[in-house]
Amino acid sequence: MKSKLYYVLYFLYAIVVAFVLYLNGVFTGEWSSLTNLVINVVFLVIIGIIFIISSVSFGRLNRITYELEDVAIRLQKEYKEAGGKNLWANYKDNGKAFEEKELQDAFNRYRLRVKKTRRGADASCDLGEYINEDLLDRAGMNFFNSGVSGTLTGLGILGTFLGLSMGLGAFSGDDIFTISDNVGSLLSGMKVAFHTSVYGILFSLVFNVAYRGIMADAYETLNEFLTVFRQTAQPVGLKDDENAATMLVYQAGMANSLKQMLELLKGNAMEQTAGVERIVNQFTTQMQSALDTDFKKLGSALKNAGESQTANAVNAAEMVEAVTALVEVNRNVQEALVRVMERQEAFAGQLEEQKKMLADTCSDMSDEISSQIYTFEQMRNLYEK
């Protein structure tokens with residue numbers, strides 16, 4: 001029932017078209033405003049084109065939904081007739097399990113995946129990875145239909161502003177008489193705004209309900225189909241005992257192969273070791289017989305070199321001790337210099353203090369002498385008078 005909801009859009013669209021034409025006087029021959037009629041017709045044509053595109057996608061989605069429902073019923077019937085036996089053997093090579101191309105292509109990809117995963121493996125993929133909600137969304141043009149409701153509302157709002165702009169643009173006057181003469185144009189523009197807003201919002205609400213109902217019905221049918229398929233025709237993996245037996249055979253074969261490889265490696269290693277020992281012994285014997293004298297000279301030279309190294313080591317130790325002593329002396333000199341610098345800094349501070357005290361004393365003596373000279377001048381002036 002839900003899959004037929006979009007038929008309501010046609011019925012509602014016909015009613016709205018007839019109503020708009022009636023309000024604009026098309027049936028009575030009394031056209032109130034040709035501009036209003038043209039604007040409403042343009043808006044209704046745009047909405048009609050949107051409905052046609054959506055109807056095509058809804059029809060394709062409904063065909064897929066109907067086929068999923070029919071296949072689910074057929075699987076249940078065949079499963080019952082087979083006495084509860086898995087039906088995958090009947091469908092694994094069936095290239096015409098579905099009539100709809102989208103479903104058959106998805107099912108073919110699923111069959112190819114199953115063939116690859118079941119070559120000696122116990123894992124099997126799920127049909128829901130191929131026939132799922134994404135397939136229904138593509139068939140139902142979800143990318144387009146999900147925005148139709150907002151588009152219809154936007155068209156209604158656009159008609160509102162367009163009608164108001166027309167009415168206000170034709171409205172003019174400075175006194176009550178001229179204003180009353182232009183009220184008709186203002187009302188005509190408001191009529192366009194009101195009509196487009198009403199049927200834009202109305203179409204938006206009805207389309208949203210129909211679209212959601214159709215998609216919900218398709219999703220529900222898909223879930224039912226997948227449930228039936230998993231119960232009746234889903235390919236099953238190998239049983240646990242078969243898996244265990246296969247693994248044991250495989251492990252036994254691997255163990256046998258590894259044992260043979262180890263035996264080969266062991267024999268080769270023993271032969272190679274014996275050959276190397278013979279080569280080394282023969283080489284040592286020949287070298288010793290041919291270079292006996294030279295080896296003695298080499299031993300003497302190495303002995304002398306060892307004695308020289310010992311003497312050098314003693315000299316190096318003495319040099320290290322001397323350097324250590326020199327470093328100690330240098331450290332003592334540095335400490336002495338640090339103490340001298342500290343004394344000089346302290347002496348410099350004392351000189352600075354004495355300098356300051358001397359400057360203060362000189363300043364006080366200067367002030368005292370100036371005061372006495374001033375007093376002397378005053379007394380001398382008094383005496384002269």
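A: A residue is called buried under 20% relative accessible area, exposed over 50%, and partly exposed in between, with a 1.4 Å probe and protein chains only. By that scale Leu-34 is exposed, because its relative accessibility is 52%. The model is predicted, so local features need pLDDT of at least 70 and side-chain atom pairs count only at pLDDT 80 or more, while totals for chains, interfaces and linings use all residues. Residues are numbered from 1 along each chain as its sequence is written, and side-chain values use heavy atoms, with hydrogens and water left out.

First, the overall fold. The protein has 11 helices and 0 strands; these elements are DSSP runs numbered from the N terminus, with helices being H or I of at least four residues and strands E of at least two. Of its 385 residues, 26% count as buried. Among contacts (heavy atoms within 4.5 Å) with a separation of 6 or more, 75% are between residues 24 or more positions apart.

Now the rings. Rings of Phe, Tyr and Trp (its six-membered ring) pair if their centres lie within 6.5 Å; planes under 30 degrees apart count as stacked, over 60 as edge-to-face and the rest as tilted. The whole structure holds 17 aromatic pairs. One of them is the stacked pair of Phe-51 and Phe-207, at 6.3 Å centre to centre with 5° between the planes. Phe-51 belongs to helix 2 and Phe-207 to helix 9 (residues 183–232), so this pair ties together parts 156 residues apart in sequence. Phe-51 and Phe-207 are both buried.

A tilted pair is formed by Phe-107 and Tyr-110, with 6.1 Å between centres and 35° between planes. These two lie 3 residues apart in helix 4 (residues 101–117), which means that about one helical turn separates them. Phe-107 is buried at 2% relative accessible area, and Tyr-110 is buried at 0%.

Ring pairs also link Tyr-13, Phe-51, Phe-58, Tyr-199, Phe-203, Phe-207 and Tyr-211 into a cluster.

Last, the surface. Leu-34 lies in helix 2 (residues 34–81). Together with Val-38, Val-42 and Ile-46, Leu-34 forms a nonpolar surface patch of about 330 Å² accessible area. Accessible areas come from the Shrake-Rupley method with a 1.4 Å probe, and for residues only the protein chains shown count as cover. The protein exposes about 26,500 Å², of which carbon and sulfur atoms supply 63%. Patches are made of residues with over 30% relative accessible area and no salt bridge, joining like charges within 9 Å and nonpolar side chains (Val, Leu, Ile, Met, Phe, Trp, Tyr) within 5 Å. A salt bridge is a side-chain nitrogen of Lys or Arg within 4 Å of a carboxyl oxygen of Asp or Glu.
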